[in-house]
Amino acid sequence: MSAATTRSRTQRTPRTPDRLCAEAVGFARAAAEEAAAPGVVGEHVEVVVEGDRVVTHLFECKELGYRGWRWAVTVARASRAKVVTLDETVLLPGPDALLAPEWVPWSERLRPGDMGPGDLLPTDAEDLRLEPGYSGEDAPPPNSVLSQELAERADAEYADAEYADATDGTDTVRDTDATATDAVPARGSLAALAEELGMRRARVLSRYGLHTSADRWDEGYGAKTPMAQAAPASCVSCGFLVPIGGSLGQAFGVCANEFGPADGHVVSLAYGCGGHSEAAVMPKPPRPAPPVLDETRVDELPLRPAPDSGSVPPADPGANEDLGHS
């Protein structure tokens, strides 16, 4: 029989605990009560064999807030010794113990709206939502047409414009602040173009960052929301929609209706609400025609109604005229 087979069979067979260590229940309980508060060590649960002449006694924990936990007292005995000694005492969770939730890093616990005044949110250097902006290191080589012909043309236009601004139509040229223009990139250069497009920053939004922002905005104020489903029209035709620049402007805008549910928020062009500018145009109230006075015609107004008009009862011929109508 090989050594591996012998070792495998030995591992499958449960080891018998040392008799003196297994019988030291009172010794283990005294050690647990010394480490714990009075009255929190419960009944003896089981004995776990840790090794040769090493066992662990488990006791029920009755302390509030530690349901299912156990006091574990490990005792050992030296070879050929008749005295059991204490190894350690610790409180361990059992199979049905009440445990705290697993720890989650702060970057994963953070939710929108958690930041308050004075809070700082550091951004990871490898954040997938961002990518490096234009730093000027990718400038064209000196022999490039873009860096020679275009730069010379831009310098000429810039010199003419600067001279016109400095003279103001007079023969006197004003002094310009050289230190203020040193930080401004040359006209026609890639740095100037990057600054105009808003790309001359340390980091800008990546394609992943754009897509995640678009998905988040569309989920909150998109075409699939209940408000948009019940709206009479979409935001693309609303007069309160403020367009935004960049690639996101093709699908989103900002709502400027103070009575709408998305005022000040980025909304999808397919979103809509009952505050659409053309949803319910109030009709103008009807105006009565001005009165017409005909001064050439006379309307006859009788002083007494006619007998046959039915407005008064007919007179009785036999009645006294003094008591009747005059």
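This is a predicted model: local features need pLDDT of at least 70, side-chain atom pairs count only at pLDDT 80 or more; totals for chains, interfaces and linings use all residues.
## The four-stranded sheet

Strands β1, β2, β3 and β4 form an open sheet in that order, with antiparallel pairing. At the edges are β1 (41–51) and β4 (84–93), each of which pairs on one side only. From one strand to the next, the twist averages 20°.

Strand β3 covers residues 69–77 and is joined to β4 by nine bridges, the two running antiparallel. One of the residue pairings is that of Trp-69, whose bridge partner in β4 is Pro-93.

## Aromatic pairs

The whole structure contains three aromatic pairs. Such a pair is described by the distance between the ring centres and the angle between the planes. Among the three, Trp-217 and Phe-252 are edge-to-face, at 5.6 Å centre to centre and 80° between the planes. Trp-217 sits in helix α8 (residues 207–220) and Phe-252 in strand β8 (residues 252–255), so this pair ties together parts that are 35 residues apart in sequence. Trp-217 has a relative accessibility of 25% and therefore counts as partly exposed, whereas Phe-252, with a relative accessible area of 6%, is buried because the limit for that class is under 20%.

Tyr-221 and Tyr-271 form an edge-to-face pair as well, with 5.6 Å centre to centre and 90° between the planes. This pair links distant parts of the chain, 50 residues apart: Tyr-221 is in the loop between α8 and α9 (226–229), and Tyr-271 is in the segment after β9 (266–268). Tyr-221 is partly exposed, its relative accessible area being 22%. Tyr-271, at 4% relative accessibility, counts as buried.

Conventions: Residues are numbered from 1 along each chain as its sequence is written. Side-chain values use heavy atoms; hydrogens and water are left out. Two strands pair if DSSP finds at least two bridges between them. Axes are lines fitted to C-alpha atoms, for helices over the stretch in contact, and angles run from 0 to 180 degrees between N-to-C directions. Rings of Phe, Tyr and Trp (its six-membered ring) pair if their centres lie within 6.5 Å; planes under 30 degrees apart count as stacked, over 60 as edge-to-face and the rest as tilted. Buried means under 20% relative accessible area, exposed over 50%, partly exposed in between (1.4 Å probe, protein chains only).
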